Amino acid sequence: MTNTFTADSHSARIDLRFEVYLCLSVAARARVSRQVVDMTTERERDHKSEVFSKALRDVIVTDNAVPDAYLWPKQELGPMLGHEEFGEDGIPLIDLGGFEELDNNQRRQIYDRIRGACATYGFFQVVNHGVDLRILDRIQAASKKFFDVPLETKEKLECKLEGDRLLGYGFYKSSKLKTQRRNWSEGLFVDKPHIARVSSTVWPEDTDSQTEFSESVEEYVGALRELGLRLTRLILNSLGVYPETYDKYMPKEPALMRLNHYPPCPDPSKTVGLVPHHDANFFTILHQGDVGGLQVKKDEGWVAVRPYPNAFAVNAGNMLQVISNDICKSVLHKAVVNQDSDRYSIAYFVQAPDWDHIAPLPELVDAAHPVKYRPFTWPEYLESQLANPSNALKNFEL
Ligand SMILES: O=C(O)CCC(=O)C(=O)O
Ligand SMILES: [Fe+2]
């Protein structure tokens, strides 16, 4: 992929892919370039060799203020909700324990809850999902250890295109605003084939750390792949699609993953952890650990997704919205930060099936439910994303 963006600069293309593959797809136009990690002021440059979070904390100690690049105008933030303001979020927490033993009626109830959640919120949460909790602890520890290494080491993994996918480490800026506000976060994009390169770059002399990082991430990817397949079947069933074989509906491999780190922030009410965005992929499985921060757009406001340490939040991406003929909604979501704790989240982006054309499933189209999108290829989608980042699906709507 893809030669279709020749009119645009290299960085714009990278920008686009960043959004798509890292799923900062609609509201966010994050620039992935050297610029991303280039600090703009003298003071910030001084801190470049520090750990990101420490650098920010130092700025705070010096100035008792958030650097300008991270301050968002109030009107851009919209109605704010603190990271611990959990109301009745209404997003179902679905217990998958013992699912195989359930009778058809009981299963149907679960399918209905999944479908209702995808239609209303675009999100649901799962517990007893079959992923060993030790695997979750291990990946959280690996992620923390990664983000704790000095910035100059992490920068060796600068985000760049690898084939048709962007991988590596970076801060994120949003081009949503002309002023290029920054998100109060750093992240590492990795997929299975590139895990070993990450660990050998970050810990060239330390084979124990290399092994620990590689093993924890590989183990996580393996477990999440299984969960991704299981959730694909559950979601298809919830849509009333019962193919003889699910093979042609199975996600494309490898999935992409992003480790996110949100350092504590002195003024969370004026900053954004991760800018509001839609995920572009099929669906995302997010582990947000025990520190909340994920918020989902509902009507004119935001709903905070309650963190359950052992749960995963699952959300529909743009491709699921299309494939489900708009039954599942790819909903705007964002991450907010807080004053006291580091937050580590892990997003596992399940890819859409490897079809020549993405289109609504014929099973979901009839006279009462007319087809909502024309078929399109992935490169066409990317082009549309570049032209219309806030509504990439618009081009394909019928
Ligand atoms: O960290 C979070 O809670 C949100 C992450 C997210 O939405 C993403 O990585 O696409
Ligand atoms: Fe997301």
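Angles under 35 degrees count as roughly parallel, over 145 as roughly antiparallel, 65 to 115 as roughly perpendicular and the rest as oblique. Axes are lines fitted to C-alpha atoms, for helices over the stretch in contact, with angles from 0 to 180 degrees between N-to-C directions. Helices (H or I, at least four residues) and strands (E, at least two) are DSSP runs, numbered from the N terminus.

This is a predicted model, in which local features need pLDDT of at least 70 and side-chain atom pairs count only at pLDDT 80 or more, while totals for chains, interfaces and linings use all residues. Residues are numbered from 1 along each chain as its sequence is written, chains are lettered from A and ligands numbered from 1 in the order in which they are written, and side-chain values use heavy atoms, with hydrogens and water left out.

**Packing against helix α10**

Helix α10 covers residues 207-238.

| Helix | Angle to α10 | Axis distance to α10 |
|---|---|---|
| α6 (residues 104-120) | about 90° | 8 Å |
| α7 (residues 133-148) | about 135° | 9 Å |
| α9 (residues 195-202) | roughly 155° | within 9 Å |

α6 and α10 are therefore roughly perpendicular to each other. Contact here means heavy atoms within 4.5 Å. On the α6 side, Arg108, Tyr111, Ile114 and Arg115 meet Leu234, Ile235, Asn237 and Ser238 of α10. By class, the residues of this contact are four nonpolar, two polar and two charged; Ala, Val, Leu, Ile, Met, Phe, Trp, Tyr, Cys and Pro count as nonpolar, Asp, Glu, Lys and Arg as charged, and the others, Gly among them, as polar.

The angle of about 135° between α7 and α10 makes α7 oblique to α10. α7 passes α10 in a left-handed crossing; a crossing is left-handed if the near helix is turned anticlockwise from the far one by less than a right angle, and right-handed if clockwise. Residues of α7 in this contact include Ile135, Leu136 and Phe146, and those of α10 include Phe213, Val217 and Tyr220. The contact of α7 with α10 has nine nonpolar, two polar and five charged residues.

For α9, the crossing at roughly 155° makes the helix roughly antiparallel to α10. The crossing of α9 with α10 is right-handed. Ile195, Ala196, Val198, Ser199 and Ser200 of α9 meet α10 residues that include Phe213 and Val217. Six nonpolar, four polar and one charged residue make up the contact of α9 with α10.

**Iron site**

His277 (NE2), Asp279 (OD) and His333 (NE2) coordinate the iron ion (ligand 2) at 2.1 to 2.3 Å. Donors are N, O and S atoms within 2.8 Å of the metal (3.2 Å for Na, K and Ca); water is not among the atoms, so sites may look incomplete. The donor residues are spaced H-x1-D-x53-H in sequence. Aspartate 279, in the loop between β7 (274-277) and β8 (283-287), and histidine 333, in strand β12 (residues 333-335), are 54 residues apart and link distant parts of the chain.

**Annotated span and backbone**

An unreviewed UniProt entry lists residues 251-352 as "domain: Fe2OG dioxygenase". The end C-alpha atoms of residues 251-352 lie 5 Å apart, and the span is 6% helix and 40% strand.

Most residues other than glycine have a negative phi, and most peptide bonds are trans. Glutamate 253 and proline 254 are joined by a cis peptide bond with omega of about -5°; proline 254 lies in the loop between α10 and β6 (256-262). Aspartate 299, not a glycine, has a positive phi of about 55°.

Terms used: UniProt positions renumbered as here; feature names shortened; annotations may be inferred.
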